[in-house]
Amino acid sequence: MRPFLKLTKQFLIETAQENKLRWFEDQTNRTTEFLRNRVRNEIIPAFRKENPRVVEHIQHYQDQLLEQSNLVDQVVLEKLTKLQRDESFDLLALRKESLPWQKKIILKIITKVNAEIAINENKLDELVRLVNNTKQAQATIDIGKNYKFEITYNYLRIGKKITVKGEQVKKRVVTLNSWLNLDGDAQFQLSNQKSALDADETMVLSANQLRFPLFIRKINPNDRLRLKNGGYKTIRRELIDQKVPNEQRERYFAITDVDDEILWVPGLRKAWLKEPFLKDNQQFIMEFRIGGSPHGQ
């Protein structure tokens, strides 16, 4: 609170003297070493010689600017509400706004996420260029305070940078009929018993299709999935084709055999295995789920 902001120093002194009030004044106020003192002691008196009401006019202009700023802020919030899609914002709709409005909206989005993030003019121009770059489907810019400005296909979002821990990239051995608890509240199990999960959460294989032991690990963009025609498709291309946002890509796991051949990437795609499925062979069920408690726990 600054209740005396619009009162001149001379008015304060005269009021204190009339009411016999004692006050304390910093001796440095009289020096010209600081810009604020030069403005107060030299520039303002010079302006007063030209116009005795200069301070009053400056204050009035300041009030007008504040009023306009509040009005602009209100419009920005209204536009932001129309753009918001859960935790993201409609990128295509934002591009339809003029550049000045885009800047205001971007700054407001960042401020709402973390008011301590400081965006200078150069950084803001960089963010605006990214927003209007229609040739990039996904891109990320570091905006400080461990946050990233990210566009993903038709959406914009501000999120925290995710650091993948060393243990997350290690592969784990799969044990029959034993649930593995993975990061992100995910669980996986290889079972020889009937599953109650949906087909999208399971993959059934016959014994001839498996080369034990099996492993589960985080995906690598250069991993390859075998296709029906015998060819291969990289995980990176599959993620792009399915338009999976960058911030979700590190959540996927790959189930592999002893030769690191990928059998299944749950939630993304199942590989077309070299060996055919044989009904007469022993059957195994791979189960993957997120959230809740695994069967028997």
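Strands β2 (residues 88-90) and β5 (residues 155-160) run antiparallel and are joined by two bridges, and F89 finds its bridge partner in L156 of β5. Strands here are DSSP E runs of at least two residues, helices are H or I runs of at least four, and both are numbered from the N terminus. Two strands pair if DSSP finds at least two bridges between them.

A note on the source: this is a predicted model, where local features need pLDDT of at least 70, side-chain atom pairs count only at pLDDT 80 or more, and totals for chains, interfaces and linings use all residues. Residues are numbered from 1 along each chain as its sequence is written, and side-chain values use heavy atoms, with hydrogens and water left out.

The open sheet has five strands in the order β1-β2-β5-β4-β3, with antiparallel pairing. β1 (84-85) and β3 (138-144) stand at the edges with a single partner strand each, so one side of each lacks a neighbour in the sheet.

Now to the aromatic pairs, of which there are two. Rings of Phe, Tyr and Trp (its six-membered ring) pair if their centres lie within 6.5 Å; planes under 30 degrees apart count as stacked, over 60 as edge-to-face and the rest as tilted.

| Pair | Type | Centre to centre | Between planes |
|---|---|---|---|
| F212 and F284 | edge-to-face | 5.6 Å | 65° |
| F253 and F288 | tilted | 6.1 Å | 50° |

F253 lies in strand β13 (residues 253-256) and F288 in strand β16, so their pair ties together parts 35 residues apart in sequence.
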